[in-house]
Amino acid sequence: MRRLLRRTVSVRGAARPGCWALSVLLIPALFLVTYGLLSAAGAPPTGPHSPLTSVPLLLVLYVVAAAAEEAGWTGYLLEPLRERWGTLGAGLGIGLVWAAWHLVAYAQAGRSAAWTAGQVLGSVALRVLMVRLYDSSGGVVLTAVVAHTAINVVESVFPGYTEHAAPALVLGAAASLTAALVTFLGPGPRAVHPLRARGEPIPARPAAATAVRRASPPPAGRTWPPDDR
């Protein structure tokens, strides 16, 4: 648990200023696109929302909540799923579970089916983007924490976001298009080792040397150590 916590809050990795800027600005940019599209269509977003003066408090609350979630989604779950399904498969899989785990809360809050569909679409697409941010940072979990915090804060201050289906649907479409462009037109995913992301040394054993050791008989009177059997 201590290692997972250290990794969740660590900035060690290959993250560059551009990567951190994307973590902070990507989500607000998608919401600005959503606002602009709705306004251009003659339906500017209106409705209840948190005031801008509440943003500092929201940042404090949501960064704690995001760190708790991302310790699991990104810090613990992502690497094993990437080994099995690849970067895109891991992003889609975590995104679907991430969206599904909010469905009961959406139903309890009385969200419409259209709003829920848009939110699920957006959650999956945003998770794919967050996984790519993690890749580009060299395995810094904190980039996902920053992006997750931005999602919660901007949704809170976006006029009528939780009341009307249109913003959720437009955001879901914009995020999906962005995720598709990044996935199929952007640079390939980077190989990230979870130990390297924690700043710990990675024990390396050349495959050729291992094969030679296993192919050679042990000295007289000795047997192979358990890990070489």
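## Basis

Local features in this predicted model need pLDDT of at least 70 and side-chain atom pairs count only at pLDDT 80 or more, while totals for chains, interfaces and linings use all residues. Residues are numbered from 1 along each chain as its sequence is written, and side-chain values use heavy atoms, with hydrogens and water left out.

## Overall make-up

The protein chain holds nine helices and zero strands. Helices here are DSSP runs of H or I with at least four residues, strands are runs of E with at least two, and both are numbered from the N terminus.

Of its 229 residues, 38% count as buried, meaning under 20% relative accessible area with a 1.4 Å probe, protein chains only. The accessible surface is about 12,600 Å², and carbon and sulfur atoms account for 69% of it; areas come from the Shrake-Rupley method with a 1.4 Å probe. Among contacts (heavy atoms within 4.5 Å) between residues at least 6 apart in sequence, 80% join residues at least 24 apart.

## Helix α7

Helix α7 spans residues 165–185 and has 21 residues. From first C-alpha to last it reaches 30 Å, close to the 30 Å expected at 1.5 Å a residue; the expected span is 1.5 Å times one less than the number of residues.

Its buried residues include Pro167, Leu171 and Gly172. Helices α2 and α5 (113–136) are among the elements that cover the buried residues of α7.

## Serine 23

Serine 23 lies in helix α2, residues 17–40. Serine 23 counts as buried because its relative accessibility is 0%. Leaving out residues up to four places away in sequence, serine 23 touches Leu133, Thr143, Val146 and Ala147.

Terms used. Buried < 20%, exposed > 50% of the residue type's maximum accessible area, 1.4 Å probe, protein only.
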